Amino acid sequence: MKQTTHPPDHLSTPVRNGAAAAGPPPVPARARRGPTSPQWAAWVFLAPVTLYLALFYAYPLYRNLDLSLRNYTVRSFVQGNAPFTGIENYRTVLDDPTFAPALLHTALFTAVCLVFQYAIGLALAVFFSRHFRLSATLRALFLVPWLLPLIVSASTWSWMLNSESGVVNAALHALGIAPVNWLTSPSWSLTSVIIANIWIGVPFNLVVLHSGLQSIPASLYEAAALDGAGAWQRFWRITFPLLRPVSAITLLLGLIYTLKVFDIIWIMTKGGPADSSTTFATWSYQLGFGNLLPAFGPGAAVGNLLVVAALVFGLIYLKVQRKQALS
């Protein structure tokens, strides 16, 4: 009797319905490489923004920091072989007699402008939140100072505050008040640029705060009125607390903008007379470009002080917002 031999199991091919049963399905090439990650699409969309930030923010900041740490002259600025001096430029700035007045003027200019811009903008926002005839037209007219180029606004205020031919002194003369040397007196020059900057910054506060008021439900005011709350109580207990997040970002943006204001001060007073309206922004320009022998290093150091101040207030804002979110 013949012994029938069977092929090994791994060589046998089971037959099902007259056809060889298929093995496991082939793995597509894309599946073998792994699924396409959505991170690639995200990086593609982020690439233009990243490139923009690197070219116009990161690189200028790096160059400004490099300027403040080296002894640059006009020749070395072109050739790029300035010697490294460390923090010597910062010591020069701190020891300069202009530092203390410029710091005081910067603080006063920023604080006074922020307070009045926010207060006037909030009052106008509450006023325009009541829908009445021509409210949209009047609100649009208040945006004109914000839309005008700064050189036009500053030149207009220079003409209005002119000691001899300005309309402000003409109005004071009509009221029997002695004329004021707004732009040429050390006692009034800083006040003059503060008034001009407040006028320019009020529309921004008006727009942002008015949009914040629109998000407050009207039912809250109706319930408060039914409980007998007056207008001031409704504002203090409803409007102001609910407007706090919008107010915080408005004040932060206003702070950053006001710290770096240069155009208005330079056009109206050039930081004078006798440095009476000099701020860090104008002083940085004077050091770097206002002399025949520019001091690029100290000028960059003053600019970096402004960057640090803005960064500190930004971090404080983030910390406060985080605490409010956790609470």
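Quick word on classes before I start: Ala, Val, Leu, Ile, Met, Phe, Trp, Tyr, Cys and Pro count as nonpolar, Asp, Glu, Lys and Arg as charged, and the others, Gly among them, as polar. Keep in mind that this is a predicted model.

With those classes, take the second largest pocket. Its lining divides into nine nonpolar, four polar and two charged residues. The volume is about 410 Å³. In total, 15 residues line this pocket, and Val126, Ser129, Arg130, Tyr221 and Thr239 are the closest to its centre. Which helices supply at least two residues each? They are helix H10 (189–214), helix H11 (218–226) and helix H12 (231–242). H12 gives the most, with five residues.

Now the largest pocket. Here the volume is about 820 Å³. The lining has 28 residues. Nearest the centre lie Leu61, Asn64, Gly303, Asn304 and Val307. H16 has the largest share, 12 residues. By class, we get 20 nonpolar, seven polar and one charged.

H13 brings me to one residue. Ser247 is found in that helix. Is Ser247 buried or exposed? Buried means under 20% relative accessible area. Ser247 has 7% relative accessibility, so it counts as buried. Leaving aside residues up to four places away in sequence, Ser247 touches Tyr118 and Leu209.

On to the cores. In soluble globular proteins, nonpolar side chains tend to be buried together. In this model, the largest nonpolar core has 34 residues. Phe109 and Met268 have the most contacts inside this core. Helix H5 (99–128), helix H8 (150–160), H10, H12 and helix H14 (263–268) each supply at least two of its residues. Which helix gives the most? H10 does, with 10 residues.

Look at Met268 on your screens. Again leaving aside residues up to four places away in sequence, Met268 touches Ala154, Trp157, Ser158, Leu161, Leu183, Ser192, Val193 and Ala196.

Last item. There is a second, separate core of 14 residues. Leu255, Leu259, Phe280 and Trp283 are among them.

Methods
Residues are numbered from 1 along each chain as its sequence is written. This is a predicted model: local features need pLDDT of at least 70, side-chain atom pairs count only at pLDDT 80 or more; totals for chains, interfaces and linings use all residues. Side-chain values use heavy atoms; hydrogens and water are left out. On a 1 Å grid over the protein atoms alone, a cavity is a set of points where a 1.4 Å probe fits but cannot get out, and a pocket is an open set with protein on both sides within 12 Å along at least five of seven lines; lining residues have an atom within 4 Å of a point. Grid points are joined across faces, edges and corners, and a volume is the space filled by probe spheres set on the points. Helices (H or I, at least four residues) and strands (E, at least two) are DSSP runs, numbered from the N terminus. Buried means under 20% relative accessible area, exposed over 50%, partly exposed in between (1.4 Å probe, protein chains only). Contact means heavy atoms within 4.5 Å. A nonpolar core is a set of buried Ala, Val, Leu, Ile, Met, Phe, Trp, Tyr and Cys residues joined through side-chain atoms within 4.5 Å.
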